[in-house]
Amino acid sequence: MRPRPSDPFFALVQKARDSSGEIDLARGALLIALQAYPNLNIEHYLRQLDALSEDFRTRYAAADSLSASLANLSQYVFGDLGFRGNRAHYDDPRNSYLNEVLDRRLGIPITLAVVYLELGKRLSFPLAGVNFPHHFLVRSTQGDEPLFVDPFADGAFVDGKSLGERLPVIEGRRLELAPEFIEPASSLHILVRMLRNLKRLHFQAREFSTAIRWAEKIAYLQPDEAENYRDLGFLYHHTREYLKAIEAFNEYLRQAGDAPDASTIEHNIRVLANRLIPLN
């Protein structure tokens, strides 16, 4: 569960923590992609984002309102450049890697949002990501009434009524719109959501060692979230790393307090401990 010193992703996170600053979102997303593309030229893609923002300035004059500026940005990203949501192959892992999204101009809501946010940052537009349930969004952070943008719908604006209608239905009831659903998301939370997508994809593909790679990063980014350690415990169990599984389960129990599944996790720990005995 501890970071490997040689992993530049952990180094980026630790640098931000040491300086009490925000994690560089684009670099963090590209460092995630580096795990799948070891020869990835991160600086190339950062320069590409810089070049796109400069290209936008040459094509569009300064607008007289934020809504007009964002309408122009949506037109540029999803019209001029042709970025779009990959609805046909939503679970293609390439949709979760920023380099692939920039190359193929295909992505899922969160990676398209990263492109939109990074261009907006370079253009000094006041924007933030929104960890909206089921479907990541972008919002403005200026003015009394925020503007919401859906990168998966070609950068269309979303009004307040539509936000409520987008909430998922759970056990026959639609979730009610809560303030935390539309709060600005930090770079850390955006990266965690990207990692969770990748963890889910590789777990479903039974690629447990790769899923562990993402789960370890999630636990490092959110060390106080108990469920992260429970998930790691089950993943380590799948790869027969029983000692690590026990450590992760114990950390879960320590952090979770009176967890409803505590007896199940304690049973798992006993079973795994018995499996370790012949190995000693």
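Trainee: Why is Asp150 called buried?

Mentor: Asp150 has a relative accessibility of 3%, and buried means under 20% relative accessible area, exposed over 50% and partly exposed in between, with a 1.4 Å probe and protein chains only, so Asp150 counts as buried. This is a predicted model, in which local features need pLDDT of at least 70 and side-chain atom pairs count only at pLDDT 80 or more, while totals for chains, interfaces and linings use all residues. Residues are numbered from 1 along each chain as its sequence is written, and side-chain values use heavy atoms, leaving out hydrogens and water.

Trainee: What makes the pair Asp150 and Arg166 a salt bridge?

Mentor: The term requires a side-chain nitrogen of Lys or Arg within 4 Å of a carboxyl oxygen of Asp or Glu, and the N to O distance here is 2.8 Å. Arg166, at 30% relative accessibility, counts as partly exposed.

Trainee: Why are helix 8 and helix 9 called roughly antiparallel?

Mentor: Their axes come within 8 Å and cross at roughly 160 degrees, and angles over 145 degrees count as roughly antiparallel, so the two helices are described in that way. The axes are lines fitted to C-alpha atoms over the stretch in contact, with angles from 0 to 180 degrees between N-to-C directions.

Terms used: Helix = DSSP H or I, 4+ residues; strand = E, 2+ residues; numbered from the N terminus. Parallel < 35°, antiparallel > 145°, perpendicular 65-115°, else oblique.
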